[in-house]
Amino acid sequence: MEGQTVNALQMAQQAYSAPAQNQTRSPRATEYAAFARITARLKSAHEAGRDAFPALAAALTENRKLWRILAIDVADRDNALPPPLRAQIFYLYEFTDQHSAKVLKQQADAGPLIEINTAIMRGLRSAERVS
């Protein structure tokens with residue numbers, strides 16, 4: 001499991017590291033805001049401990065929805081992202097979905113999900129500065 005977490009984190013750090021050309025700032029800013037909002041909720045509930053499990057479950061559900069939207073987008077044949085990047089994002093969706101299920105069953109920690117989202121946010125932020 002730890003190997004999967006490290007691999008997922010590495011992929012998250014690479015997923016948005018290279019700026020796509022001809023992208024407007026608005027979509028990245030929108031994606032960043034969504035990740036920031038959801039990640040803040042995940043982190044807050046995670047740090048609050050067992051008593052905040054309902055808040056954690058709600059944040060996990062929202063995070064899964066965000067990743068599902070990304071997965072649907074990168075699975076579209078008309079998506080302009082390079083195929084390797086699309087595959088990495090789809091893998092991160094699968095990891096996030098499976099790991100979230102384990103967190104909901106109290107068999108895993110939400111930390112890796114927070115790390116992945118934070119890595120994506122860093123990439124989106126740096127790509128926004130380059131654009």
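Reader: Leaving aside neighbours within four places in sequence, what is asparagine 63 in contact with?

Author: Ile38, Leu42, Thr96 and Asn117. Contact means heavy atoms within 4.5 Å. A caution first: this is a predicted model, where local features need pLDDT of at least 70, side-chain atom pairs count only at pLDDT 80 or more, and totals for chains, interfaces and linings use all residues. Residues are numbered from 1 along each chain as its sequence is written, and side-chain values use heavy atoms, with hydrogens and water left out.

Reader: Which helix holds asparagine 63?

Author: Asparagine 63 sits in α3. Helices (H or I, at least four residues) and strands (E, at least two) are DSSP runs, numbered from the N terminus.

Reader: Buried or exposed, that asparagine?

Author: Asparagine 63 is buried, because its relative accessible area is 0%. Buried means under 20% relative accessible area, exposed over 50%, partly exposed in between (1.4 Å probe, protein chains only).

Reader: What else is buried in α3?

Author: The buried residues of α3 are Leu56, Ala57, Ala59, Leu60, Glu62, Asn63, Arg64, Leu66, Trp67, Leu70, Ala71 and Val74.

Reader: How far apart are the end C-alpha atoms of α3?

Author: 32 Å. At 1.5 Å a residue, its 23 residues should span 33 Å, so the two agree. The expected span is 1.5 Å times one less than the number of residues.

Reader: Zoom out. How many helices and strands in the chain?

Author: 5 helices and 0 strands. The order from the N terminus is α-α-α-α-α.

Reader: What share of the chain is buried?

Author: 41% of the 131 residues. The accessible surface is about 7500 Å², and carbon and sulfur atoms hold 53% of that. Those areas come from the Shrake-Rupley method with a 1.4 Å probe; for residues, only the protein chains shown count as cover.

Reader: And what share of contacts joins residues 24 or more positions apart?

Author: 72%, taken over contacts with a separation of 6 or more.

Reader: Now the core. How many residues in the largest nonpolar one?

Author: 27. Phe35, Leu42, Leu56, Trp67 and Ile89 have the most contacts inside it. A nonpolar core is a set of buried Ala, Val, Leu, Ile, Met, Phe, Trp, Tyr and Cys residues joined through side-chain atoms within 4.5 Å.

Reader: Which helices each supply at least two residues of this core?

Author: α2 (25-48), α3 (53-75), α4 (83-104) and α5 (111-130). The most comes from α3, with 8 residues.

Reader: Take phenylalanine 35. Where is it placed?

Author: In helix α2. Phenylalanine 35 counts as buried because its relative accessibility is 1%.

Reader: What does it touch?

Author: Not counting residues up to four places away in sequence, phenylalanine 35 touches Leu66, Trp67, Leu70, Asn117, Ile120, Met121 and Leu124.

Reader: Where does glutamine 106 lie?

Author: In the loop between α4 and α5. Its phi is positive, about 60°, although glutamine 106 is not a glycine. Glutamine 106 is partly exposed because its relative accessible area is 48%.

Reader: Last one. Where is glutamate 115?

Author: In helix α5. Glutamate 115 is partly exposed, at 41% relative accessible area. Its C-alpha atom is 9.7 Å from that of lysine 43, 72 residues away along the chain.
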